[in-house]
Amino acid sequence: MNSISLVLILPVVIPLTAALLTLAFRNHYRAQRAASVAGWAGLFGVSVWLLLAVQGQGALSVQIGGWPAPHGITFVADRLSALMVLVSSAMGLAVGLYSLADICRAREHYGHHTLFHVLLMGVNGAFLTGDIFNLYVWFEVMLIASFVLVTLGGQRGQLEGGLKYMTLNLLGSIIFLASVALLYSQTGTLNMAQLHLVLSQGVGDGGADPLLLTIAVLLLIAFGIKAAVFPLFMWLPTSYHTPPTAVSAIFAGLLTKVGVYALIRAFTLLFTFEVGWTHELLLWIAGLTMVSGVLGAMVQGSVRRILSFHIVSQIGYMVMGLALFTVAGLAGAVFYILHHIVVKTNLFLIGGIITRTGGASELSRIGGLMRTRPVLAGLFLIPGLSLAGIPPLSGFWAKFSVIKASLEVDGWVIAAVALAVGLLTLFSMMKIWSEAFWKPAPEDGAPAPAPMTAATGVLAYGPVVVLALVTVVIGLYPAWLADQAAAAAQQLMQPDAYLHAVLGEAVR
Amino acid sequence: MLVMALLIGALVAIGLYLMLRRSVAKLIFGIVLLSHAVNLIVFSSGGLLHASSPVIEAGETMLAQPHPDPLPHALVLTAIVIGFSVQAFAIVLIKRAHQEAETDDFDRMDTTERDV
């Protein structure tokens, strides 16, 4: 086994090994935590290696079991996949360390660590696979782990939220599987590179085959449910605030973004034969998603629910970059995804610390944290303002690049919508700021909880500080990430390297 | 083929109808019927034909023609296994939610929608 196949397989194998070890050590508390931390750190190291390897060679692939493509299952990493694996592994490490301070012993005993690693395995598998049925399988791996993580603990809110989450995501999986089957019956292949060749050749003079368009829309619905776009996002704000902070933070950072990743793959690699129609539809969805998410957040009264609605709103910007279907637009979308994962995860972690130090998550019951926790107040402002797109933080460059891309193709309306939504986002962040930090603590507010111990404090604040630093660094030196995003977008618009890596010399 | 199409259509229709009811017990039947329907779609995606199984006979080097496409069979097995385990989890979750909320009515399972 050479190093290329190793670096492609390890992002899946390491979480699997860690999951098995943590399951074996479930009665040995320290050993379980040690195995878990080793898993997160190892995964992060491998994902850095993967990005470096992909930068050197363009795109890498490995055929599992030695069956040549398009017959076997392919793992393939282009720049987008490598970047996504890197940022999701980094979030795994950050949220994982936070979870050591946040998750109670009983949850650890009942498999929190195991499920967390299985979730990371599913996410990485979805980013790396080059086969659309295999993508379905990785989605299921990720979903089953997330179902259990949402409901682990069995409180009423978790079960009710989890039930809605599960039902809608199962419906999404069913639609996804049906469209994969229809796609196979139409094209005779499941390999995404092969599908690209078949679908891009098959368009005659009379426009695209209506059945293929139907499949495209079915996949749009399936991925749309997972990405929580308008009008399919209802499962998200009803369930994301119910599990413990560490769980909702990793969900907020990664799960919907896997849906967005799948949308990007599907609508750059597979369904590009009717761009005028499909991508126009995507643009409408993007605008409506932004607006409905941000309006939903305005009426909420709890930190975590406000943040949940903002996930929906921000997904709109990513879909907008995809819908523009230019190199600049996709580069903006990729930049936006990477920035958003860091910022949103961090906001959820901070929301968890607010809940913990204030005693409640409802804004009416907490206050005065500015006086008691000035550091936390400063830490909240960094990702909060970055989410709203205030310079010089990372969110400014992310919004700037998608809006600039939309103006290049004369998308005045969508640009205006994006700017207005940015303002409303700022309003929401200021609402959290003034209610939780600035106003005096209410008389009949939540009881003051027990202070954290020193070790817990380091584990809780450490990841938050590091992620906030990342946000500031991206904001001050956006060139590196912008170059990465532009290179990824270039590969998406001209997938020669991807096809070459999967199918070999025959393509050229 | 027509029978298969009608069967799948009926299963999807009944499944969706049951999922749209307010009762959570009917929800689980809806999920089960829908995943049966989609398994049948996967099964028939390689085309339906009367032929021998796609196994190379002893002494031959090629498959006998005509032969069915074996790939959908492998896919449907995977899909059945995944679907079965998810359904098992769904049933347990619905039972627990039903116990906690003490209601069978979806509209009354709304504690996550309201501010406390």
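Let me start with two helices of chain A, H3 (residues 79-102) and H11 (residues 245-270), whose axes, taken as lines fitted to C-alpha atoms over the stretch in contact, come within 8 Å and cross at roughly 165°. Angles run from 0 to 180 degrees between N-to-C directions, and those over 145 count as roughly antiparallel, so H3(A) is roughly antiparallel to H11(A). Please keep in mind that this is a predicted model, in which local features need pLDDT of at least 70, side-chain atom pairs count only at pLDDT 80 or more, and totals for chains, interfaces and linings use all residues. Residues are numbered from 1 along each chain as its sequence is written, while chains are lettered from A in the order in which they are written. Helices are DSSP runs (H or I, at least four residues), numbered from the N terminus.

Which residues make the contact of H3(A) with H11(A)? Among them are Met84(A), Ser88(A) and Met91(A) of H3(A), together with Ala249(A), Ile250(A) and Gly253(A) of H11(A), where contact means that C-beta atoms, placed from the backbone, lie within 7 Å.

Finally, the contact between the chains takes 27 residues from chain B and 30 residues from chain A, and H3(B) gives the most to the chain B side, with 13 residues.

Definitions and conventions
Two residues are in contact if their C-beta atoms, placed from the backbone, lie within 7 Å. Angles under 35 degrees count as roughly parallel, over 145 as roughly antiparallel, 65 to 115 as roughly perpendicular and the rest as oblique.
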